[in-house]
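Here are my notes for anyone opening this model for the first time. Have a look at the picture, then walk through the points in order.

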Amino acid sequence: MSDQTRIMSSLQLFCYGFLTTPIAVAGFALVIYIPTFYAVDLGLGLAAVGAVFMFGRVFDVISDPLIGYLSDRTRSRYGPRLPWMVLGLPGLVLSVWLLLSPPEGAGLWYLICVSAAFFLFFTIVDVPYSSVGLEVSPNTNERTYLAGSKAAFQVVGALIASLIPILFATQMGASLHVLALIVVGFSIPAILLFLFGVPRTAQNETLHNVGLLEASLYALRHRDYRLLIGAFFLVQAGNALTAGLMVLFITQIVGRPDLIGHFFLLLFASTAIFLPVWIWLSIVRSKAFSWVCAISVACLSLAFACLIGSGQIWLMAGLSIVIGAAFGADATMPTSMLADLVSKGESEGQPKRAAMLLALKNAVSKLTFVFPMGLAFPVLELAGLDKTGSNSPIALLTVVFFFAVLPILLRLLALLVLSKTMRSKKNGNGINA
């Protein structure tokens, strides 16, 4: 079958991507609302809740590659991915419901147990599900459409998670309950659409006796994979710092905490609007070129963030739009480029490693979100940042450094790494980018 053979219709792309929406609603609720809700509203304390979620990220780094490895080696009449998704989705839905709708008197042990179940079942569903997008199509451009479909529905989930507290204007507990209902309600039609609308992935006919450690070392030895993951790590670390400190930047630098939700809505809406632009650019030029353009745009916009001051709402709105636009390429191009690597390897007779390689990429992504808590927050505390009162120029400059300057430096390093990938492509031995 030719690499350029299209096998999926627009309806099938919809059926593939729609499952991302309930997963994204749950994921964004976990990142944006849950820590503060349990720490402040339920009175469990910032330190205790922070430790629980830091441990959850470390747990993900271990569980993601393990689930990916097991999924790659699964044999069933339904393919290697579907059994894991069907097994994990009920557990994910139940753990989301328990996490977002806790009973009265829920304490720290309740949070530990329920969040542990959430992290485990999230991985069991998401790693095999995302792997389908890497291997279901032999067409390099269609792999970008698959990644774009997933990214678009991820934005839908983010918009829902952002809008509910604004639309209902209720206490956070009630808003989280509504989000839990949405996850439950969307998950059932989403898995049915996937079951009946997405082509099955092929069985792994080359199940070599390769251990988990050896499979992981393979990824580290593979030059193209190292370059791709290195660039991805640097960009995601920058994104994590910018997103993690955006609330502080709006509160302390712009001075408009009442507009936090509106700026996030602009960001997510911009991601959805500009996503087709990056996909089009990847088709007419290349995936690496499209990603490089997005990284460059983000660097330029963050440079202007250093000029934003108190009350400059329109500048902050423009920054939110441009950063959101770049996020679309960050979410789409690395996954599509990884799919090309997987396809190239399997065409050369290598064992199926889609889930394993994707899981390692996911683990790297999750590690980057430790940056705001493990690096920026302690330094900000040393700088004397007061989240509720006035701050010294040094404290405010520290916020700007972690929100904009350090992310720019990380992205510039990513551009250097991607330039090596593009040179390899020109020499005929790199990623089909």
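**Notes on the predicted model**

1. You'll find Gly 261 in helix 12.

2. The protein chain has 17 helices and zero strands. Of its 433 residues, 55% are buried. The accessible surface is about 18200 Å², and carbon and sulfur atoms account for 70% of that. If you take contacts with a separation of 6 or more, 83% of them are between residues 24 or more positions apart.

3. Back to helix 12, which spans residues 260–284 and also holds Thr 271. Is Thr 271 buried or exposed? Its relative accessible area is 8%, so Thr 271 is buried. A polar atom of the Thr 271 side chain lies 3.0 Å from the backbone oxygen of Leu 267. The backbone oxygen of Gly 324 is also worth checking, at 2.7 Å from a polar atom of that side chain. Setting aside neighbours within four places in sequence, Thr 271 is in contact with Val 155, Gly 324, Ala 325, Phe 327 and Gly 328.

4. Next, the aromatic rings. How many aromatic pairs does the structure hold? There are twelve. Take Tyr 16 and Tyr 129: their ring centres are 5.2 Å apart and their planes are at 40 degrees, so this pair is tilted. Tyr 16 belongs to helix 1 (residues 10–17) and Tyr 129 to helix 6 (residues 108–135), so the pair ties together parts of the chain that are 113 residues apart in sequence. Both Tyr 16 and Tyr 129 are buried.

5. Another ring pair to look up is Phe 249 with Phe 403. The centres of these two rings are 4.1 Å apart, and the planes are at 15 degrees, so the pair is stacked. This pair links distant parts of the chain too, with Phe 249 in helix 11 (residues 246–254) and Phe 403 in helix 17 (residues 393–426), 154 residues apart. Phe 249 is buried, with a relative accessible area of 0%. Phe 403 is buried as well, with a relative accessible area of 0%.

6. Phe 14, Phe 18, Phe 153 and Phe 186 are joined into a cluster by ring pairs. Elsewhere, the charged end of Arg 285 sits over the ring of Phe 289, at 4.0 Å from the ring centre.

7. On to charges that meet each other. The count comes to two salt bridges. One of them brings together the side chains of Lys 150 and Asp 126, at 3.8 Å from N to O.

8. Lys 287 sits in helix 13 (residues 287–305) and Asp 340 in helix 14 (residues 313–347), a link between distant parts of the chain, 53 residues apart.

9. Last stop: Ile 67, which is found in helix 4 (residues 46–72). Ile 67 has a relative accessible area of 7%, so it is buried, as the cut-off is under 20%. Which residues does Ile 67 touch, not counting those up to four places away in sequence? They are Trp 84, Thr 123, Ile 124, Val 127 and Pro 128. Trp 84 is 17 residues from Ile 67 along the chain, and their C-alpha atoms are separated by 9.0 Å.

How values were computed:
Residues are numbered from 1 along each chain as its sequence is written. This is a predicted model: local features need pLDDT of at least 70, side-chain atom pairs count only at pLDDT 80 or more; totals for chains, interfaces and linings use all residues. Side-chain values use heavy atoms; hydrogens and water are left out. Rings of Phe, Tyr and Trp (its six-membered ring) pair if their centres lie within 6.5 Å; planes under 30 degrees apart count as stacked, over 60 as edge-to-face and the rest as tilted. Helices (H or I, at least four residues) and strands (E, at least two) are DSSP runs, numbered from the N terminus. Buried means under 20% relative accessible area, exposed over 50%, partly exposed in between (1.4 Å probe, protein chains only). A charge sits over a ring if NZ of Lys or CZ of Arg is within 6 Å of the ring centre and within 35 degrees of the ring normal. A salt bridge is a side-chain nitrogen of Lys or Arg within 4 Å of a carboxyl oxygen of Asp or Glu. A polar contact is a pair of N or O atoms within 3.5 Å; within protein, one must be able to donate a hydrogen and the other to accept it, and residues adjacent in sequence count only if both atoms are side-chain atoms. Contact means heavy atoms within 4.5 Å. Accessible areas come from the Shrake-Rupley method with a 1.4 Å probe; for residues, only the protein chains shown count as cover.
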